[in-house]
Amino acid sequence: TNGCSTTSVTDTVVVNPSPGASISPSGSTSFCQGDSVVLFANTGSGLTYQWSNSSTASFIKVFTQGTYIVTVTGSGNCSATASVSVTVSSAPTATITPNGATTFCNGNSVVLAAPTGSGLSYSWTGGANTSTITVTSSGTYYVTVSNTGCSRVSSPVTVTVNPGPSVGISGTANTVCHGNTSTLTANGARTYAWSGADLINN
């Protein structure tokens, strides 16, 4: 106030830059149950990470629905946060239940059934779109079960249809006089059961 002045001691102020925080998903953050997405935080020299699921890695693999937050800390203990929401939709069950043996003789069949439920649709090997199919031929069968947003493919079921024997009969004579005999021989199979009148089985 009287015209005198003085200069203070010099002091240095250091402002450390914010490290910034961002999350880059490896794919869609809306997916079906059983799938996943990897969330990558931004990387840089000297950065450390703290995720809301307690991970301290620069990335996490996410299977469940929720909001995931990462805190990125850099030099001078400066930090920044980023978040992303993950939506997981329920997926249908895809299994195949046979109503009997899947190995049988030609001329028989087996019914393969997928789970049923409201709003489900089906796509079988071969193109059928019903919840069940009747199988009469050998092959490997799958079913894709879908709901409004998700689908699942079943494990395969292998059906084996064994061919029937080609049986023939040969004989010494097709016509014989009463009191005489004719020998008939069957072939083409492993075991035989004869039928008819006046048989003498050897």
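This is a predicted model: local features need pLDDT of at least 70, side-chain atom pairs count only at pLDDT 80 or more; totals for chains, interfaces and linings use all residues.
Let me start with S146, which sits in strand β14, covering residues 143–146; strands here are DSSP runs of E with at least two residues, helices are runs of H or I with at least four, and both are numbered from the N terminus. S146 is buried, at 18% relative accessibility, where buried means under 20% relative accessible area, exposed means over 50%, and partly exposed lies in between, with a 1.4 Å probe and protein chains only. If we set aside residues up to four places away in sequence, S146 touches P92, G119, L120, S121 and S151, a contact being heavy atoms within 4.5 Å.

Residues are numbered from 1 along each chain as its sequence is written, and side-chain values use heavy atoms, with hydrogens and water left out.

Now to the chain as a whole. The protein chain has 18 strands and 0 helices, and its C-alpha trace spans about 160 × 35 × 20 Å along the principal axes. Its radius of gyration is 38 Å, whereas a compact globule of 202 residues would have one near 17 Å; that radius is taken over C-alpha atoms, and the globule rule is 2.2 Å times the number of residues to the power 0.38. Of the 202 residues in the protein chain, 22% are buried. Among contacts between residues at least 6 apart in sequence, 42% join residues at least 24 apart.

Which strands make up the open sheet of 3 strands? Its order is β9-β16-β13, with mixed pairing, and two strands are said to pair if DSSP finds at least two bridges between them. Strands β9 (103–105) and β13 (139–141) stand at the edges, and because each has a single partner strand, one side of each is left without a neighbour in the sheet. Strand β13 runs antiparallel to β16 (residues 157–162), and 3 bridges join the two; Y141, for its part, has V157 in β16 as its bridge partner.

T97 belongs to strand β8, residues 97–98, and is partly exposed at 48% relative accessibility. Leaving aside neighbours within four places in sequence, T97 is in contact with V111, L112 and A113.

Next, the aromatic side chains: how many aromatic pairs does a search of the whole structure find? The search finds 1. The pair is F40 with F59, tilted, at 5.6 Å centre to centre and with 40° between the planes; rings of Phe, Tyr and Trp (its six-membered ring) pair if their centres lie within 6.5 Å, and planes under 30 degrees apart count as stacked, over 60 as edge-to-face and the rest as tilted. This pair links distant parts of the chain, with F40 in strand β3 (residues 37–41) and F59 in strand β5 (residues 59–62), 19 residues apart. F40 is partly exposed at 37%, and F59 is partly exposed at 43%.

Finally, two loop residues. Most residues other than glycine have a negative phi. S54, however, has a positive phi of about 80°; S54 lies in the loop between β4 (48–51) and β5 and is exposed at 58%. N77 likewise has a positive phi, of about 65°, lies in the loop between β6 (66–73) and β7 (79–89), and is exposed at 66%.
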